[in-house]
Amino acid sequence: MASGLLRVPVILGRRTLVTSVPRLSGVTTTGDEVPVVGIQVPVTEEENSKWLLENNPPAPAKKGRNAHLREKLYTVIGNRDIVGPGVSGFAEYIEAEEFPFPAVRFMEPYPEIMPLLEKEKGDWKNLSIDEKKTLYRYSYRQTLKEEYTPEGLGKRLLIGTLFGLSCTMIYTQITIDYIFPWDPRAARTRQADWQGVHLGKLIAQNTSYTPGDPYWDYDKGEWRK
Amino acid sequence: MALNIMFRAVLHRCRSLPIAAVQRKHYSILPANMQPGGLSREEEENATSKLFTDALNSPEIDGWDLRGIGNDFAGGELIPDADICIAYINACRRVNDYALGVRFLEFTRHRHSIIDKKMNSWKALVEEIKPALEEVGMDIPEELGYDKPELALKDVESNDYYA
């Protein structure tokens, strides 16, 4: 028969594992003997609990609480120290108003700062202000004040809108002043006889909504005084 | 008339009735803010600060716990007292972490700037803390120049398309 994948659900205590076991063609198996390729998966509860303890050892309460996780998290955070619980227990450097103490230091230890870290264990009065600032920047990227300063995007928005408005206003005024006089069809409308005829048409439409038109008296057929 | 005499008369009459008496227990295992029956005003004001100071003054404390407590302050919108600040700074001294104390003081300064724009409460707190700061050798953010922004770094999480 053709070789295919067999999915065998294995229940290990509180956990269910779905393993895909390739079945080779031409191989006969008796009963429970299944050829496992790759990781040796424990089947009984005792073996499973042992496997879990080996791979998830309990954290020591004293110094180096999470030293066993440094190797596993190297691809995520690099050589940096894990220092606190942070946001929901993940090892990330996050600066936020509700979480001013991130889980990981910002910088990796570099050679110039190793003597400073030794000096930090002594008396802090021996540190100069520049050394204190370097220690701060070693642990944190931004101070809280830098974090909370706005970037000025609202100002940029206002500048953009006012710039656009002013451009359009200038353009319209230039067209009104310098381009419309050249239009002959519009020039006809500036003549008095045309304007008189047009006004008569507007009055004949009778579209004034006021009960008493302030300019044209429709009952007498003349302008009001 | 006299209410206490009237109540006493009622009680004497109820003695003969089979009423189950309510016993008020004092759960001394629980801290003050979890006791049943409510708290007095003094107990309410001092409960949280006492819990935190007792935790911060224990000699087994770690940098991990310190940052957890600081994040609890921030998330719970609490403003640290002078007692808590002193305990936090002494704990930082034990853990040999200078930047952590400065960060905590910056955080308290920010919180005080929200409630009091003129920073009178912050100045009063600094005066209360000064002996502890001098003993340990720590500086407040004004002395380091961190009351104003020093660097102008780009915000990583903003949705700024043109920057």
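1. A:Phe180 counts as partly exposed because its relative accessibility is 45%, where buried means under 20% relative accessible area, exposed means over 50%, and partly exposed lies in between (1.4 Å probe, protein chains only). A:Phe180 sits in the loop between helix H6 (153–179) and helix H7 (184–189) of chain A, helices being DSSP runs of H or I with at least four residues and strands being E runs of at least two, numbered from the N terminus.

2. A:Phe180 also belongs to a nonpolar surface patch of about 620 Å², which it makes with A:Ile170, A:Ile174, A:Ile176, A:Tyr178 and A:Ile179. Patch members have over 30% relative accessible area and no salt bridge, and nonpolar side chains (Val, Leu, Ile, Met, Phe, Trp, Tyr) are joined within 5 Å.

3. On provenance, this is a predicted model in which local features need pLDDT of at least 70 and side-chain atom pairs count only at pLDDT 80 or more, while totals for chains, interfaces and linings use all residues. Residues are numbered from 1 along each chain as its sequence is written, chains are lettered from A in the order in which they are written, and side-chain values use heavy atoms, with hydrogens and water left out.

4. Chain A comprises eight helices and four strands, and along the sequence the pattern reads β-β-α-α-α-α-α-α-α-α-β-β. Of its 225 residues, 21% count as buried, and the accessible surface of chain A comes to about 17100 Å², with 60% belonging to carbon and sulfur atoms; such areas come from the Shrake-Rupley method with a 1.4 Å probe.

5. Chain A and chain B bury about 4100 Å² between them, 54% of it on carbon and sulfur atoms, buried area being the accessible area (1.4 Å probe) that two parts lose on being put together, summed over both. The contact (heavy atoms within 4.5 Å) takes 43 residues from chain A and 47 residues from chain B.

6. Six salt bridges are counted between chain A and chain B, each a side-chain nitrogen of Lys or Arg within 4 Å of a carboxyl oxygen of Asp or Glu. One pairs A:Arg156 with B:Asp160, whose closest N and O atoms are 2.7 Å apart.

7. A:Lys132, in helix H4 (residues 129–139) of chain A, counts as buried, since its relative accessibility is 5%. Leaving aside residues up to four places away in sequence, A:Lys132 touches A:Trp124, A:Leu127, B:Tyr98, B:Gly137, B:Asp139 and B:Leu144.

Methods: Patch = residues over 30% accessible without salt bridge, like charges linked within 9 Å, V, L, I, M, F, W, Y side chains within 5 Å.
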